[in-house]
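Reader: I'm new to this one. Please pick a single stretch of the chain, look at it closely, and then tell me how it sits with the rest.

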Amino acid sequence: MRVTAAVAPAPDHPLRLEELRLDGPGPGEVLVRVVASGVCRTDADARSGRSAFPLPGVLGHEGVGRVLDVGPGVRSPAVGEAVLLGWPACGRCRHCRGGRPRYCADLPGLLFGGRRPDGGAVFRRADGTPVAGRFFGQSSFASHAVLPASALVPVRTSLPLAAVAALGCGISAGAGAVLYAARPEPGASVAVFGVGAVGLAAVMAARCTAATTIVAVDRDPARLALARRYGATHTVDVTGVRNVARAVRERCDGPADVTVECTGDPRVVRQAVDATGMPGTCCLVGAARPGETFAVDQQTMLRGKRIQGSLGGDGRPEELVPALLRLAEQSRFPFPELVAFRPSDDPEAALTDLLAGAVVKPVLVLEPAALTARTDGCEGSGRSR
């Protein structure tokens, strides 16, 4: 079938819209009509050639849409059902079987391989030239996507369907790091370093726990004001601050029980570790560039500190996403307020706005009806094969 996709032609080249060919779903796969897709810094890194994903390729990994067709053996979701396009997982390794698909043993290849499981091309130009796809298992900067049924999360919510795209990666990553990985205890202090979309989601999630001190750390006064709006009890503007860890400890009336690092900057990682008390947890969420390292004071680590990585929200998306949707409907996790909707005919402008800090969370809208469409129940025909 013919589809429209935003193609990253080569490293550091702007995205451009092209008409490509996409094969239909095979066994265990689903064809989805994408109605919206979030835009993330991970997309910007891949466009710049800083990831293992091959170019030319179609990016996008925060898609939401409706099922158009299903391949042999698929019983759920049904045709017509609204779905969030999730990350892929093999379903067979011990991590998948143990309920932690974010740490699937085959994850690198599934995220960045750029091809179908049989090695075939995902997208093709009219002349047959292959174009890499299945970025994070989906490549949602396209009008349609084919992906495993097991990667889809059914969506039933009173929220606009387009806003749900924001839960595909970044928002879920920040919230899941707090709720699944860090798990602050009653009365705990939580410090979030970097309050972009991921960090603000971490602040919102911390407010949903019994933590009583929530500190937001950043250099952008506007983002710190948002953090206060969404649950931060204290803020630290690091501009001109010589000892950031000390400033955080002062807000926490002692070292923080939990720190959540959302920038990926090795210098900020060190600040977060130094601000963590004993036996506290420093949760790493932000992604550094490949090969970058950080150093810590080994003796302070002997005091029961723990450094824990958290990838994509850490938990099970089929549990986390519905929970975040319910919390949003109750105004307890107002992530839709972070979203800035952008037209899909200029995806490069959305990336530019994101990198410039002009918006918190851009979402490309492929179908304007998704701005108001609700999905309180399955609206599909129930057809399966």
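Author: Let's start with residues 26–155, where the chain is 13% helix and 28% strand, and where the end C-alpha atoms lie 23 Å apart. Helices (H or I, at least four residues) and strands (E, at least two) are DSSP runs, numbered from the N terminus. What you're looking at is a predicted model, so to speak of local features takes a pLDDT of at least 70 and side-chain atom pairs count only at pLDDT 80 or more, while totals for chains, interfaces and linings use all residues. Residues are numbered from 1 along each chain as its sequence is written, and side-chain values use heavy atoms, with hydrogens and water left out.

Why this stretch? UniProt, in an unreviewed entry, marks residues 26–155 as "domain: Alcohol dehydrogenase-like N-terminal". Its positions are given here in the numbering used for this model, with feature names shortened, and annotations may be inferred rather than shown by experiment.

Most peptide bonds are trans. The bond from L55 to P56, though, is cis, with omega near 5°, and P56 falls in the loop between α1 (41–47) and β4 (57–58). The bond from S76 to P77 is cis as well, again with omega near 5°; you'll find P77 in the loop between β5 (63–70) and β6 (82–85).

This stretch also reaches across the sequence. R33 pairs its side chain with that of E367 in a salt bridge (2.5 Å, N to O). That joins distant parts of the chain, since R33 is in strand β3 (residues 29–38) and E367 is in the segment after β18 (361–365), 334 residues apart. A salt bridge here is a side-chain nitrogen of Lys or Arg within 4 Å of a carboxyl oxygen of Asp or Glu, and the structure holds 21 of them.

Domain 1 puts 25 residues into the contact and domain 2 puts in 23, where contact means heavy atoms within 4.5 Å. About 1,800 Å² is buried between them, with carbon and sulfur atoms giving 62%. That's the accessible area (1.4 Å probe) the two parts lose on being put together, summed over both.

What holds hands across that boundary? There is one salt bridge between the domains, where the side chains of R229 and E337 meet at 3.0 Å, N to O. There are also 10 residue pairs in polar contact, both at pLDDT 80 or more. On the side of domain 1 that touches domain 2, helix α11 (residues 317–329) gives the most, with five residues.

Terms used:
Polar contact = N/O pair within 3.5 Å; in protein donor to acceptor, adjacent residues only side chain to side chain.
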